[in-house]
Amino acid sequence: MQFLRFLMMGGIAAAVNIVSRYLLNMVLSFEVSVVLAYLAGMTTAYVLARLFVFEATQRGVGAEFTRFAIVNAFALVLVWGVSVGLARGVFPAIGFNWYANDIAHMIGVIIPAATSFVGHKYFTFRRSIDQKDLF
């Protein structure tokens with residue numbers, strides 16, 4: 001059930017990510033838009049995960065968000081690499097141009113779902129805390 005809730009909340013955050021990228025892409029490059037949209041989606045994901053998926057830890061919001069950002073930094077590498085790789089490399093090479101940026105970005109956003117869940121469950125929102133585990 002927790003993974004299902006994570007996926008549902010992640011779907012909402014992904015929608016924020018994709019809509020933000022679309023809007024940002026009107027004034028910025030695709031590559032920059034993907035990164036900035038990811039930050040909007042990540043912030044949405046943190047709030048939804050904390051409210052509906054995981055219990056708050058003893059670390060506090062700042063420390064949790066820092067850990068959330070660390071897990072998401074790894075995911076951002078995947079999202080950006082897949083999105084840009086498909087949109088700038090694979091799709092042009094195979095002659096695919098029907099909403100190529102949008103489809104590339106959607107695929108990129110979906111890719112890190114399972115790895116992010118594991119990272120957040122066992123790192124970001126891990127309940128136990130000791131003296132060396134304050135950040």
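Visitor: In this predicted model, does R50 count as buried, exposed or partly exposed, and what is its relative accessibility?
Guide: Buried would need under 20%, and exposed over 50%. R50 falls in between, so R50 counts as partly exposed, at 26% relative accessibility.

Visitor: Which residue meets R50 in a salt bridge?
Guide: The N to O distance is 2.5 Å. The pair links distant parts of the chain, 14 residues apart, with R50 in helix α2 and its partner in helix α3. The partner is E64.

Visitor: Is E64 buried or exposed?
Guide: The cut-off for buried is under 20% relative accessible area. E64 has 0%, so E64 is buried.

Visitor: Which residues does E64 touch, not counting residues up to four places away in sequence?
Guide: E64 is found in helix α3. R50 is among its contacts.

Visitor: Which residue forms a salt bridge with D102?
Guide: The closest N and O atoms are 2.3 Å apart. D102 lies in helix α4 and its partner in helix α1, 81 residues apart.

Visitor: How many residues does the largest nonpolar core have?
Guide: Those with the most contacts inside it are Y38, F54, F68 and F125. The elements giving two or more residues to this core are α1, α2, α3 and α4. The core has 27 residues.

Visitor: Where does α3 bend?
Guide: α3 runs over 61-94. The bend is about 45°. Its position is L86.

Notes: Residues are numbered from 1 along each chain as its sequence is written. This is a predicted model: local features need pLDDT of at least 70, side-chain atom pairs count only at pLDDT 80 or more; totals for chains, interfaces and linings use all residues. Side-chain values use heavy atoms; hydrogens and water are left out. A nonpolar core is a set of buried Ala, Val, Leu, Ile, Met, Phe, Trp, Tyr and Cys residues joined through side-chain atoms within 4.5 Å. Buried means under 20% relative accessible area, exposed over 50%, partly exposed in between (1.4 Å probe, protein chains only). Helices (H or I, at least four residues) and strands (E, at least two) are DSSP runs, numbered from the N terminus. The bend at a residue is the angle between axes fitted to the seven residues ending there and the seven starting there. Contact means heavy atoms within 4.5 Å. A salt bridge is a side-chain nitrogen of Lys or Arg within 4 Å of a carboxyl oxygen of Asp or Glu.
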